[in-house]
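Work through the exercises below with the sequence and the structure side by side, and try each task before reading its solution.

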Amino acid sequence: MTEPFRVTVVGGGPAGLAAAEVLSAAGCAVQVLDTMPSFGRKFLMAGRGGLNITHSEPHEALESRYGAAAPRLHAALSEWTTQDIRHWMDGLGQESFVGSSGRVFPVVMKASPLLRAWLARLREQGVTLRPRTHWLGWDAQGALLVAGPEGAAVSSEKTDALVLALGGASWPRLGSTGGWAALLAERGVELAPFQPANCGFTVAWSPLFAERFAGVPLKPVALSFEGRSVRGEVVLTAGGLEGGAVYALSAALRERVAAQGHATVLCDLRPDMSLADMAARLARVRARESLSNRLRKGLNLSAASIGLLRESGVVPTTPMGLAERIKALPVRLEAAQPLARAISSAGGVQWAACTEQYMLRVLPGVFVAGEMLDWEAPTGGYLLHACLATGRAAAHGALDWLRKQGGERYPVSL
């Protein structure tokens, strides 16, 4: 019998596990290395809010969420659609449903049952799972340098192909440290600097406002920037703004801050009311009422919203002027929050460094997937969807490449 191809996957997140599933199902002898004590830690973290694994919107709209990277992700996303993900979940005994927002969740609203079933399937397919195992690069002969738990000796291991799914640089405590970048840069792989994505921004609040309203959500509100408006939740923090509406605009806001040192976003505190209706309601409140009472009685604004209005500068006094400010309240953002606090990261392996099959051009036999690649997307299921899709695409690329090698073993030449 022909000896099966040996493939090493480094990274036990959704992209790495997806690659391992495809490779093992094709008959490869697969091992998955991960530095953490257990697999799928970031996957489990995503599941704390119910595991929004994908989105049910039409596929063309879904692809558009990936911005400039959409053309490069097109093939992977087309081969692993929303319906494919839901069918895959069903096969693992985890039924899914579409929420009112169009987002897709497991019925149990937890990540752990899906992850357990997935890991069980991988083991049944012969995948070797190696936690607390560190990939350290390559030795002079091109073999992988691998270290086990702390104190274990470094060993050299040969492999027919290597799939890297090491994540970006957000949530380092869950394993995505970005430390792999130096190893690939040394080998001539083109990289883009890591940047925070789906992140909050700092605002120079007054001390009183920061102390009183830190942690208070504002909803529903609508944020606008560069002609785009996003409705959702905004959370006031001691140092700025977070929340879904902020994250959806974070890429454009981050670029403006980088270019000009700040960005100003407009906040509509009453997106369900027209400007004329708001002005009329304010006009009906007695003029001798305090500003807070006028806003509370006329528009039912919360104390946090009123505080945010005061933070914007001198508050207009006429009903129309006040309504206009509330519909387009400027908030100056000073900086993006650091990578460690971002939900995801932009940057990483540049697309030009990869073939269409996700193989690194300067490292034949080495494939990359997931957040290692230079793409970003908003929250709403798009992040996990692309990680799963690129993991599978990299695995298929590896299989095609291995089959072209014929009977050779350990062909990775570095």
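**Exercise 1.** How many aromatic pairs does the structure hold?

*Solution.* The model, which is a predicted one, holds 12 aromatic pairs. One of them is formed by Phe97 and Phe105, whose ring centres are 5.8 Å apart and whose planes make an angle of 25°. Since planes under 30 degrees apart count as stacked, the pair of Phe97 and Phe105 is a stacked one.

**Exercise 2.** Decide for Phe97 and for Phe105 whether the residue is buried or partly exposed.

*Solution.* The cut-off needed here is that a residue is buried under 20% relative accessible area and exposed over 50%, with partly exposed in between. Phe97 has a relative accessibility of 31%, so this residue counts as partly exposed. Phe105 has a relative accessible area of 13%, and therefore Phe105 is buried.

**Exercise 3.** Describe the aromatic pair of Trp180 and Phe194, and work out which parts of the chain this pair ties together.

*Solution.* Begin with the geometry: the centres of the two rings are 5.6 Å apart, and with 90° between the planes the pair of Trp180 and Phe194 is edge-to-face. Next, locate the residues, for Trp180 lies in helix 7 (residues 180-186) and Phe194 lies in strand 11 (residues 191-197), so the pair ties together parts that are 14 residues apart in sequence. Finally, consider accessibility: Trp180 is buried at a relative accessible area of 5%, whereas Phe194, at 24%, counts as partly exposed.

**Exercise 4.** Which residues are linked into a cluster by ring pairs, and which charged end sits over the ring of Trp80?

*Solution.* The cluster consists of Phe43, Trp80, Trp88 and Trp118, linked by ring pairs. The charged end of Arg392 sits over the ring of Trp80, at 3.8 Å from the centre of that ring.

**Exercise 5.** Find the strands with which strand 1 pairs, and explain why strand 1 is described as largely enclosed.

*Solution.* Together with helix 1 (residues 14-25), strand 1 and strand 2 make a right-handed β-α-β unit. Strand 1 also pairs in the parallel sense with strand 10 (residues 161-164), over 4 bridges, and there Val7 has Ala161 as its bridge partner.

Definitions and conventions
Residues numbered from 1 in each chain as written. Predicted model: local features only at pLDDT ≥ 70, side-chain atom pairs only at ≥ 80, totals over all residues. Heavy atoms only, no water. Phe/Tyr/Trp six-rings, centres within 6.5 Å; stacked < 30°, edge-to-face > 60°. Buried < 20%, exposed > 50% of the residue type's maximum accessible area, 1.4 Å probe, protein only. Helix = DSSP H or I, 4+ residues; strand = E, 2+ residues; numbered from the N terminus. Lys NZ or Arg CZ within 6 Å of the ring centre and 35° of its normal. Pairing = 2+ DSSP bridges. Right-handed = clockwise from strand over helix to strand, strands pointing away.
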